[in-house]
Amino acid sequence: AYNTGTVNVAELKALLHGLMWLDEEGGGPDLRRQRGGMINVHLITDSEITVNQGNGKYAAKGVTRILWG
């Protein structure tokens, strides 16, 4: 039902669901307060584009730019 993006959006959405869970159910806000506003998260993916966007090597464009926020 979500067909307005590219395969890159699909790759990113799999990671996004885990991050959303962390924020809502996994103690995200409390962890951020305890650690000065940041949480180190290690994401595992087989998508080179997703990794390079996350590391800032590639500029995110369109919908993926919004998701990387």
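This is a predicted model: local features need pLDDT of at least 70, side-chain atom pairs count only at pLDDT 80 or more; totals for chains, interfaces and linings use all residues.
Visitor: Is serine 47 buried or exposed in this model?

Guide: Residues are numbered from 1 along each chain as its sequence is written, and side-chain values use heavy atoms, without hydrogens or water. The classes are buried under 20% relative accessible area, exposed over 50% and partly exposed in between, with a 1.4 Å probe and protein chains only. Because its relative accessible area is 7%, serine 47 is buried.

Visitor: Which residue's side chain does serine 47 join in a polar contact?

Guide: Serine 47 lies in the loop between α2 (28-34) and α3. A polar contact is a pair of N or O atoms within 3.5 Å; within protein, one must be able to donate a hydrogen and the other to accept it, and residues adjacent in sequence count only if both atoms are side-chain atoms. At 2.9 Å, the side chain of serine 47 is joined to that of threonine 50.

Visitor: What is the relative accessible area of asparagine 52?

Guide: Asparagine 52 belongs to helix α3; helices (H or I, at least four residues) and strands (E, at least two) are DSSP runs numbered from the N terminus. Neighbours within four places in sequence aside, asparagine 52 is in contact (heavy atoms within 4.5 Å) with Lys57 and Tyr58. Asparagine 52 counts as buried because its relative accessible area is 8%.

Visitor: At which residue does α1 bend?

Guide: Helix α1 (residues 7-24) has 18 residues and reaches 26 Å from first C-alpha to last, close to the expected 26 Å, which is 1.5 Å times one less than the number of residues. Buried residues in α1 are Val9, Leu12, Leu15 and Leu22. The bend at a residue is the angle between axes fitted to the seven residues ending there and the seven starting there. For α1, a bend of about 25° falls at alanine 14.

Visitor: In which helix is confidence highest?

Guide: The protein comprises 4 helices and 0 strands, in the order α-α-α-α. Its mean pLDDT is 76, and 78% of the residues score at least 70. Confidence is lowest in α4, at a mean of 68, whereas the highest mean, 83, belongs to α3.

Visitor: What percentage of the residues counts as buried?

Guide: Among contacts with a separation of 6 or more, residues 24 or more positions apart account for 49%. Of the 69 residues in the protein, the share that counts as buried is 16%.

Key
pLDDT is the predictor's confidence in each residue, from 0 to 100.
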